[in-house]
Amino acid sequence: MLDVPFWLWAAFVVTVVVSLAVDLLAHREAHVIGFKEAAAWSGVWVGLALAFGAVVFLVLGATSGVEYTTAWLLEKSLSVDNLFVFALIFAYFKVPRAYQHRVLFFGVVGALVFRGVFLAAGVAVVSRFTAVLLAFAAVLFYSTYKILKEEEESFDPGRSIAVRLLRKVMPVRDEYAGMKFFVREAGKRIATPLLAVVAAIEAADLVFAVDSVPAVLAVSNDAFIVYTSNAFAILGLRALYFLLSGLLDRFHYLSKGLALILSFIGVKLILQASHELFSSSIPEIPSLVSLAVIVTVLALSVMLSIRHPRPAVGEGSGPGVHAENGVARGSVGECTLAHGSQDARGKPPGR
């Protein structure tokens, strides 16, 4: 474990809290996030992440700086899958575009908390049981298989565990009430559909953590490196969603690139575990090589997508989502929206 000075942890916490506060104040009024605004905020989040990486490099050394940058870029690339699911959830609940930033803001806050718990647990387990890295590698290889085979998966936001639990705790009304999460009707506190959307977003992030946590632990097993890199990647997720709105499906080779990255990280985990468990003569993949592989694969995936565009198959219901024969297509395969239709009054479905 790195000997991280307290002031560096404090600087990280202050940066995150202040950034979230400024972002919330800047978007306190409901409005549609345009491309220019999303690009500006994306620049802010990327700049913050890289600036913090420079501090890590100067304070903790070159190796830690490379590990942080690699972990941040890896999480950033894997988060693209989250964007497809966000689009599906927004389409399912028919969330007005002006309210989507507020939903993602609270989704990010929840993700920061849950990722912290998962990563802390992962670091603790890896430090005690090195063999668990082999299990993590198996998870990544299975994820790679699903992406390459484009297996069809049922995804019904209205029936996710989080949404069902919410409905058991309190009633959920049919209509939105601006950006409010709760309203009072007949003296009772009732949740609005916007709270159900936040619950669905949080549930989706928990699912994606299954891939994300093992992948980042392959880069570093230090709690500071893995959490700060994840946090800065998650902070920029909202701006990235609005920046790439309508463009995600054009990068159709990106899913194949992510599959290649996941399989590479799986091999890295196996070599790392074998080096510690069996023989020190078994080579490990340096973090600088991992960073080079991730950057190269992502760049090639984007370039191939631009040079060889996919034929249009119809208009999508959200960023990177095609509505084709009742199936919403994303980068991780096909997600069938079993209850995704809207009623004649435009109410969110599944009530």
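This is a predicted model: local features need pLDDT of at least 70, side-chain atom pairs count only at pLDDT 80 or more; totals for chains, interfaces and linings use all residues.

**Aromatic pairs**

Modeller: A search of the whole structure finds 16 aromatic pairs, where rings of Phe, Tyr and Trp (its six-membered ring) pair if their centres lie within 6.5 Å; planes under 30 degrees apart count as stacked, over 60 as edge-to-face and the rest as tilted. One of them joins Phe-52 and Phe-224 in a tilted arrangement, 6.0 Å centre to centre with 40° between the planes. This pair links distant parts of the chain, since Phe-52 lies in helix α2 (residues 35-60) and Phe-224 in helix α9, 172 residues apart; helices are DSSP runs (H or I) of at least four residues, numbered from the N terminus. Phe-52 is buried at 7% relative accessible area, and Phe-224 is buried at 1%; buried means under 20%, exposed over 50%, and partly exposed in between (1.4 Å probe, protein chains only).

Phe-105 and Phe-106 form an edge-to-face pair, 5.3 Å centre to centre and 85° between the planes. Here Phe-105 is buried at 6% relative accessible area, whereas Phe-106 is partly exposed at 30%.

Phe-52 and Phe-224 also belong to one aromatic cluster with Trp-9, Phe-12, Tyr-68, Tyr-227 and Phe-232.

Residues are numbered from 1 along each chain as its sequence is written, and side-chain values use heavy atoms, with hydrogens and water left out. The protein averages a pLDDT of 81, and 85% of the residues score at least 70.

Definitions and conventions. pLDDT is the predictor's confidence in each residue, from 0 to 100. Helices (H or I, at least four residues) and strands (E, at least two) are DSSP runs, numbered from the N terminus.
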